[in-house]
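Dear colleague,

I am handing over the structure we spoke about, and below it you will find my notes on what turned up when I went through it. Please read them with the coordinates open beside you.

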Amino acid sequence: FGSDGKLWVTTWGRGDPQDTSSLGSKMLRLNSDGSIPIDNPFIRNDDVHDAIYAYGFRDPSGTALNPTTGDVWTVEHGPQGGDEINVMKPGANYGWPIITYGRNYGDDALPVGDGISVKEGMEQPLYFWNPNIAPSSMMFYTGDLFPSWKNNVLVTTLKGKQITRLKVSGNNIVAEERLIG
């Protein structure tokens, strides 16, 4: 649940993440009773499912609420060298598979699509990894045991079985530390 009291849900799905009539590879925003918030960005657009808050994701694997800003952050699997962190913006298109910082898997490691990482009307990630780390989840540290980590992001990974700490300032990542792995 976000600071707005709404339920934020990431989805993964086969098909086109750019297809806004499908719920696959999207960020959904719902009321606690499962109904659609009247201020969702596409609520009056017949071409977009009302539950969609943002779209264009490859494989979101973790969501966390920034305790300082109240913004919803996601971490997602990219292709080789394209894992990323995004801050959710209403109605935003995060670009997959049109833009990415990764390449296809395989010996040839060809670019994804046209091999571009920037396109007008598509959001840039807040942070990305190259080479990739295979993120599995994320959280903001809000405890008191490690005061210097307060409000930093911890990202667990499948690759290398590591934990990565990202030092945060507002909605910016200013440093990375690999803790285990």
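In this predicted model, a polar atom of the Asn-31 side chain lies 3.5 Å from the backbone oxygen of Ile-36. Asn-31 itself is found in the loop that runs between β2 (26-30) and β3 (52-55), and, leaving aside residues up to four places away in sequence, Asn-31 touches Lys-6, Ile-36 and Pro-37. Is Asn-31 buried or exposed? Its relative accessible area is 18%, and because buried means under 20%, Asn-31 counts as buried.

Turning to the strands, there is an open sheet formed by 4 strands in the order β4-β5-β6-β7, with antiparallel pairing. At its edges are β4 (59-65) and β7 (127-129), each of which pairs on one side only, and neighbouring strands of this sheet are turned against each other by 15° on average, direction ignored. Within the sheet, β6 (residues 83-87) pairs with β7 in the antiparallel sense over 3 bridges, and Glu-84 stands opposite Phe-128 in β7.

Another antiparallel pairing, over 7 bridges, joins β10 and β11 (residues 172-180), where Arg-165 stands opposite Glu-177 in β11. These two strands, β10 and β11, form a hairpin with 2 residues between them, and Gly-170 in the turn has a positive phi of about 65°.

The nonpolar packing may be the part you wish to look at next. The largest nonpolar core has 15 residues, of which Trp-73, Ile-85, Trp-129, Met-138, Val-153, Val-155 and Leu-166 touch the most other members. At least two residues of this core are supplied by each of β5 (72-77), β6, β7, β8 (135-140), β9 (153-157) and β10 (163-169). Ile-85 illustrates the contacts: not counting residues up to four places away in sequence, Ile-85 touches, among others, Trp-73, Val-75, Leu-126, Tyr-127, Trp-129, Met-138, Val-155, Leu-166 and Ile-173. There is also a second, separate core of 9 residues, which includes Trp-8, Tyr-53, Ala-54 and Met-88.

With best regards

Note on methods. Residues numbered from 1 in each chain as written. Predicted model: local features only at pLDDT ≥ 70, side-chain atom pairs only at ≥ 80, totals over all residues. Heavy atoms only, no water. Buried < 20%, exposed > 50% of the residue type's maximum accessible area, 1.4 Å probe, protein only. Polar contact = N/O pair within 3.5 Å; in protein donor to acceptor, adjacent residues only side chain to side chain. Contact = heavy atoms within 4.5 Å. Pairing = 2+ DSSP bridges. Axes fitted to C-alpha atoms, helices over the stretch in contact; angles between N-to-C directions. Core = buried A, V, L, I, M, F, W, Y, C linked by side-chain atoms within 4.5 Å.
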